[in-house]
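Colleague: Hi! Could you take a close look at one part of this model for me, the strands and how they pair?

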Amino acid sequence: MQYVITAENLTKTYGDVTAVDGISFSVPAGEAFGLLGPNGAGKSTTMKMIGGVSQRTSGSLSIMGLDPESHGPEVRAHLGVVPQQDNLDEELRVRDNLLVYGRYFGLPMSYLRPKADELLEFAQLTDKAKSKVDALSGGMKRRLTIARSLINEPRILLLDEPTTGLDPQARHILWDRLFRLKEQGVTLILTTHYMDEAEQLCDRLIVVDKGRIMAEGSPASLIREYSTREVLELRFGSERNATIGAELEGIGERLETLPDRVLIYAHDGEAALEQVSARGLRPVTSLVRRSSLEDVFLRLTGRSLVD
Amino acid sequence: MSILSESHNPGGHSVTEAARNRHFGPMYSRNVRAVIARGLMATKSSNWMVMLSGFFEPVLYLISMGVGLGAIVGAVHGPGGQEISYAAYIAPALLAVSAMNGAVYDSTWNVFFKMNFAKLYQGMLYTSLGPLDVAMGEIFLALLRGLLYATGFTAVMGVMGLITTPWAILMIPASVLIAFGFASFGMGITSFMKTFQQMDWINFVMLPMFLFSATFYPLSVYPQSIQWLIQAMPLWHGVELLRQISVGIFTPATAIHIGYYLVMIVLGVMLTAGRLRKLFLK
């Protein structure tokens, strides 16, 4: 298989803090690859090392066969980057942001003018072309940042929490656009702490915590491996949640007690709920749902993703 | 969607393909002009007020000190010993100070802000641009601004009747030389700065240099040891250089002043280049 990204024992330390602690992964061309983990897990640092704007402490990294540390400008010619925080050029107008960014790649204006218009349409910002950037809403800025990242027709798109702060409708529009790019053969590298986003977009992902890889696989295979088919969520009120565990012993395959609720992992959630009722326990609320990546993360790290 | 218009052509346009096939080192992509073009475009749309205030500052000093204070001081001795007005005495010094201030502001505060708050360089460095492209582009822009200020200030001197020799026109390129010296060093120094408190140290060095570098009175008022200290400072060489040029009197010291800045530029560029990774790639 042809890999566009190969990382081996990638490590980054800032003083005493180890942000990325020896992670290894490979991404084949055209894959949507996710890095899933809580804030501070080392996702963004990994993204920065891939872009060659952060120097690794040790390990090796190859992007399109090149080391981003010794060939930064060449590697980045292949990349489109959507950083976690929008870093649009506030001193330039919307369309100029795209043109100027394209110039940074050394692309000619004859190519950039029609491309900028095309991308403005893609981002649904055509009527904002002459606006100032700080007059745009959060969602518009995000879309402009993504449009900007496509100006050089990148082979690999790095998306660092692309939909954080967007409303549900804007997220779905964005997912649709990313899906289409994937269909064109663009490799997507995506960090997120949204489970649904990872499940929607990623062919394969790694679960990262404290700079280490906890698990690797497709969303479905991770759920199969680390969780049950269904989950029963019970709320007994914050006082009771902590002490109810003993009384629920034996129901389902596994029990997880969180501050606000108790999770019972079972193949059949309804059947588990009946067993709870049969023991005379009356939860304030109960909910049976499918297992998600959130449960995988909880199982692997003992805490939920969004603290 | 139009973005998909190229779906029949997954490799993309030939120009983007060509842009991907160029070869560069780790720090430089031979694309300084893109950084310069961005700076000019940004100035066009938003920076006019900042630009104007930078021009008026030395003019206001010249009027208040030169004309106002000059009325009490009367005539003073210029570089060749001839009598000149106090305004004509301090005008070249103010030009040197303004070249220094502009260059230091652009290469320290401006770079620090764009780096840590506007995140401008963060965006640039996720493209094909290397740190050296960004650094050279920003220094060029600082010098271009210095050139405009120097030209404007020299014109004001002309209008106020403070120019008596055609040599004075050389104050303009000499100001750019002074600005280059400070800008190249300033950016290197900024690479060591992490907080606003540290940035304040720059002002702590600049203000005394401005006040005591023979700007408003001759060096001879100081005891010998203080004179040596002042003469070791870069601004004094700039003040003396421009003051000599303003009256068209050149001595062997002129070459020393120019040489001081040439050495400063070389060392500053070396410092900045050596610190580029620390400055831009954390």
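To start with one detail, which residue in β2(A) does A:Thr11 stand opposite?

Modeller: Happy to! A:Thr11 stands opposite A:Asp21 in β2(A). Before going on, please keep in mind that this is a predicted model, where local features need pLDDT of at least 70, side-chain atom pairs count only at pLDDT 80 or more, and totals for chains, interfaces and linings use all residues. Residues are numbered from 1 along each chain as its sequence is written, while chains are lettered from A and ligands numbered from 1 in the order in which they are written.

Now the surroundings of that pair. Strand β1 of chain A, residues 3–14, pairs with β2(A) in the antiparallel sense over nine bridges. Strands here are DSSP runs of E with at least two residues, helices are runs of H or I with at least four residues, and both are numbered from the N terminus; two strands pair if DSSP finds at least two bridges between them. β1 and β2 belong to an open sheet of three strands in chain A, with the order β2-β1-β4 and antiparallel pairing. β2 (17–28) and β4 (58–63) of chain A each have a single partner strand and stand at the edges, so one side of each is left without a neighbour in the sheet. On average, neighbouring strands of this sheet are turned by 15 degrees against each other, direction ignored. Axes are lines fitted to C-alpha atoms, for helices over the stretch in contact, and angles run from 0 to 180 degrees between N-to-C directions.

A helix accompanies this sheet: α1 of chain A, residues 43–50, lies across β1, β2 and β4 of chain A and runs at about 120 degrees to β1(A). Contact between two residues means that their C-beta atoms, placed from the backbone, lie within 7 Å.

For context, chain A also has an open sheet of six strands, with the order β5-β6-β7-β3-β8-β9 and mixed pairing. Its edge strands, β5 (79–82) and β9 (212–217) of chain A, each pair on one side only. Within this sheet, β3 (residues 32–36) and β7 (residues 187–192) of chain A pair in the parallel sense over five bridges, and A:Leu35 stands opposite A:Thr191 in β7(A). Helix α8 of chain A (residues 219–226) lies across β8 (204–209) and β9 of chain A, at about 105 degrees to β9(A).
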